[in-house]
Every structure is written in C-alpha cells, then in structure tokens.
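Hi,

Here is the structure I promised to pass on. Have a look, and my notes follow below.

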Amino acid sequence: MIIVLSDKKTDFEDSFAKILHGCKATIISDSEVTEGISPLCVVSRHKTSKITMNKGTVVLGERLWNFKNQQLPSNIIGICSENNLTGLKLLKSNNLPIITCGMGRKNTLTVSSNERDSVLLCLQRSITDINGNMVEPCEIKVLKKSPYNCYSLLAATAVMLIYGIKDSPNFIW
C-alpha cells in the first residue's frame with residue numbers, strides 16, 4: 001500500500017494518482033475511489049491519522065504542516081522531494097529508509113535528460129524493494145503521453161521500482 005501525505009490536494013497529488021492509475025493502481029482519496037486490478041493501492045491522507053501496515057510506502061507531498069508529529073510504521077519506505085525539509089525531517093524522526101527525488105545529483109532518483117516525448121530517469125544508488133530484493137542503479141526511459149509534474153513522475157517511478165515493476169510497458173505516461 002502507498003500512503004500519500006499532503007495537507008491538501010495539489011497538482012503533485014493529482015499527477016501522481018493519474019500516473020499510477022494508468023498502471024492499474026487502485027486510488028482512494030477523500031473524494032474519490034477508483035478500482036484497479038493491481039496490488040498497488042494509493043491512499044491519500046490530508047490529516048494526521050493512525051497508520052498501521054506490515055509493509056508499504058509513504059510518499060510525502062509538498063505541504064505537511066498537518067503531519068509534523070505523524071507516527072509512521074517502522075517497516076515502510078519513505079519517498080520525498082529533495083526540497084521538502086519538513087518531509088525529510090518527518091521521515092528521519094521515524095527512522096525510515098528514504099528515497100529522495102529531484103533534479104540534484106545527490107538524489108536517489110533524478111532526471112538524466114528530458115526530451116519532448118521522453119524522460120530518462122536515473123536511479124543513482126541501490127535500493128531495496130518491498131520484497132527485500134536489491135534494485136541496482138540503472139536508467140529508466142519513460143515515454144510521455146502528456147506533461148506531468150517532475151516530482152510526481154519521479155515519485156511514481158520510485159514506487160514502481162519499490163514494488164518490483166521495472167521493465168514494464170507501463171513506463172509510458
């Protein structure tokens with residue numbers, strides 16, 4: 001399960017949901033439920049809540065004032081923008097592994113090149129997926145059908161890698 005924490009619905013959250021819904025994920029938010037055939041389930045939260053799950057992912061939006069004291073399970077993986085200092089602090093305070101996404105060279109997942117019809121993303125260091133398998137550094141070509149928020153694209157790709165979906169025709173968004 002993927003939990004998206006954001007103080008309110010944003011362009012990032014909309015783009016992120018569209019990308020993963022295109023990969024057959026189930027999307028659950030405060031206002032909408034869609035069905036999918038994938039084991040991926042995205043739940044959006046806009047206020048602090050009790051989160052208990054055996055394993056999963058938390059993706060942090062840009063605005064997190066409502067989540068400063070959020071307690072997160074110890075067995076999940078955090079995904080956060082490199083510029084989201086509140087989010088990074090939240091993940092560190094919960095002692096979670098963090099995948100940073102952004103344009104900087106120190107990020108776990110970054111953009112190598114951005115063309116009109118495609119984006120080349122780069123996983124710059126090894127990560128462990130949801131099943132304990134190692135995902136080695138690699139480049140991933142994503143074909144673009146429509147424009148997306150850069151962080152949404154990086155976060156959705158990180159989720160796909162964490163869930164073991166690496167070489168998939170679903171990398172067309």
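**What turned up**

There is one salt bridge in the structure, meaning a side-chain nitrogen of Lys or Arg within 4 Å of a carboxyl oxygen of Asp or Glu. This is a predicted model, so local features need pLDDT of at least 70 and side-chain atom pairs pLDDT 80 or more, while totals for chains, interfaces and linings use all residues. Residues are numbered from 1 along each chain as its sequence is written, and side-chain values use heavy atoms, with hydrogens and water left out.

The salt bridge pairs R116 with D117, with 3.7 Å between the closest N and O atoms. R116 is exposed, at 72% relative accessibility, and D117 is partly exposed at 44% (buried is under 20% relative accessible area, exposed over 50%, partly exposed in between, using a 1.4 Å probe and protein chains only).

D129 is buried but has no salt bridge: K55, the nearest side chain of opposite charge, is 7.8 Å away (Lys and Arg count as positive, Asp and Glu as negative; His and the chain ends are not counted). Beyond neighbours within four places in sequence, D129 contacts V135, L161, I162 and G164 (heavy atoms within 4.5 Å).

Finally, helix α1 (residues 11–21) has F12, E13, S15, F16, A17, I19 and L20 buried. Their cover includes β1 (2–5), β4 (41–45) and α3 (150–162).

Cheers

Technical notes
Helix = DSSP H or I, 4+ residues; strand = E, 2+ residues; numbered from the N terminus.
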